[in-house]
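Subject: Structure for your review

Dear colleague,

Please find the structure below, followed by an account of what was found in it. I would be grateful if you would read the two side by side.

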Amino acid sequence: MQTNSTPPAYTSLVAVGDSFTEGMSDLLPDGSYRGWADLLAARMAARTPGFRYANLAVRGKLIQQIVDEQVPLAAAMRPDVITLVGGLNDTLRPKCDMVRVRDLLTEAVEGLAPHCERLVLMRSPGRQGPVLDRFRPRMEELFACVDELAAKHDAVVVDLYGAPSLGDPRLWDVDRLHLTHEGHRRVAEAVWQELGHDAEDAEWRTPMAATPPPGWGARRVADVRFTRQYLLPWIARRLTGRSSGDGLPAKRPDLLPYELTQEDRA
């Protein structure tokens, strides 16, 4: 974590990535998603009048799509800060060429680093459970590439994968793929601190207090719901080559002043 008695006066932020950066599953009353990037932008906007923010992330995007569709736009905006989180969707595919993923992530970093004051990369969080264990070697290979690229290009790495709190299943939505609001809040805090700001929650890595685990029946009901509502549709999309983000636009495609909302002030 970086510390700085005088926080940096960043005036703009562009977020690049997939569903994690789009904000799923931090659902707002109007049905839209907020997420850690919006929470971070709100904090920065509260300190810096005229702060500008764009979020180019779209759920389901693979690293090739991020390179092709988002990296050139983000680089052209030349913001103070760019966050890049990508490649994890690739690692979760049955067939994944990790050499290609590493090459594309390298291309993304090389396309962004010269066009911002601070590039932020992440070791993405991982939910505890057997599904993650199956893909863990790929994920860790991806994170090793993140570390290498950060060292080469003087980027910040936010280590969410190593945070005990973010492995807690209670911080993940029922789809078991996306964080709840509390999970996104902790991610925003982690990035906030790595950007040199004083901690607002110094204990974001600390796990929540233990609670009695759900009973056998409740676990089976949750498993059936998860399988029907999320796992089977996810498998169907993989088999047909479709994505949950097909045809969806970026949530904030333009680098514009961030208007603080009622939720931000709550």
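Predicted model: local features only at pLDDT ≥ 70, side-chain atom pairs only at ≥ 80, totals over all residues.

Residues are numbered from 1 along each chain as its sequence is written, and side-chain values use heavy atoms, with hydrogens and water left out.

Helices (H or I, at least four residues) and strands (E, at least two) are DSSP runs, numbered from the N terminus. The buried residues of α7 include His184, Arg186, Glu189, Trp192 and Glu194. They pack against α1, α2 (36–47), β4 and β5 (156–159), where contact means heavy atoms within 4.5 Å.

Helix α7 covers residues 181–194, and its end C-alpha atoms are 20 Å apart, which agrees with the 20 Å that its 14 residues should span at 1.5 Å a residue. The expected span is 1.5 Å times one less than the number of residues in the helix. Just after α7, Gly196 takes a positive phi of about 100°.

Helix α2 has 12 residues and reaches 17 Å from its first C-alpha to its last, close to the 16 Å expected at 1.5 Å a residue. Of those 12 residues, 10 are buried, so α2 is also largely enclosed by the rest of the structure. Among the buried residues are Trp36, Asp38, Leu39, Arg43 and Met44.

The nonpolar cores

A nonpolar core is a set of buried Ala, Val, Leu, Ile, Met, Phe, Trp, Tyr and Cys residues joined through side-chain atoms within 4.5 Å. The largest such core has 35 residues, and those with the most contacts inside it are Leu84, Leu119 and Leu121. At least two residues each are supplied by β1 (12–17), α3 (63–77), β3, α5 (98–112), β4 (118–123) and α6. The largest share, 8 residues, comes from α6. A second, separate core of 34 residues includes Ala15, Ala42, Met44 and Val85.

Leu121 touches, among others, Leu84, Val109, Val146, Leu149 and Val157, leaving aside residues up to four places away in sequence.

The cavity

The structure holds 1 cavity of 30 Å³ or more. On a 1 Å grid over the protein atoms alone, a cavity is a set of points where a 1.4 Å probe fits but cannot get out, and its lining residues have an atom within 4 Å of a point. The volume of the largest cavity is about 60 Å³, taken as the space filled by probe spheres set on the points, which are joined across faces, edges and corners.

Its lining includes Leu84, Val85, Met122, Phe143 and Val146. Two or more lining residues come from each of β3 (81–85) and α6 (130–153), with the largest share, 3 residues, from α6. The lining divides into 8 nonpolar, 2 polar and no charged residues. In this count, Ala, Val, Leu, Ile, Met, Phe, Trp, Tyr, Cys and Pro are nonpolar, Asp, Glu, Lys and Arg are charged, and the others, Gly among them, are polar.

Individual residues

Glu22 is found in helix α1 (residues 19–22) and counts as buried at 9% relative accessibility. Its contacts include Tyr33, Arg34, Asn55, Arg59 and Lys251, not counting residues up to four places away in sequence.

A cis peptide bond joins Met24 and Ser25, with omega about 5°. Ser25 is found in the loop between α1 and α2.

Two residues other than glycine have a positive phi: Arg78, at about 50°, and Asp154, near 55°. Arg78 is found in the loop between α3 and β3 and is exposed at 51% relative accessibility. Asp154 is found in the loop between α6 and β5 and is exposed, with a relative accessible area of 59%.

Finally, Arg136 is in helix α6 and counts as partly exposed at 25% relative accessibility. Its C-alpha atom is separated by 9.5 Å from that of Leu92, 44 residues apart along the chain.

With kind regards

Terms used:
1 Å grid on protein atoms, 1.4 Å probe; cavity = no way out; pocket = protein on both sides within 12 Å on 5 of 7 lines; lining within 4 Å. Buried < 20%, exposed > 50% of the residue type's maximum accessible area, 1.4 Å probe, protein only.
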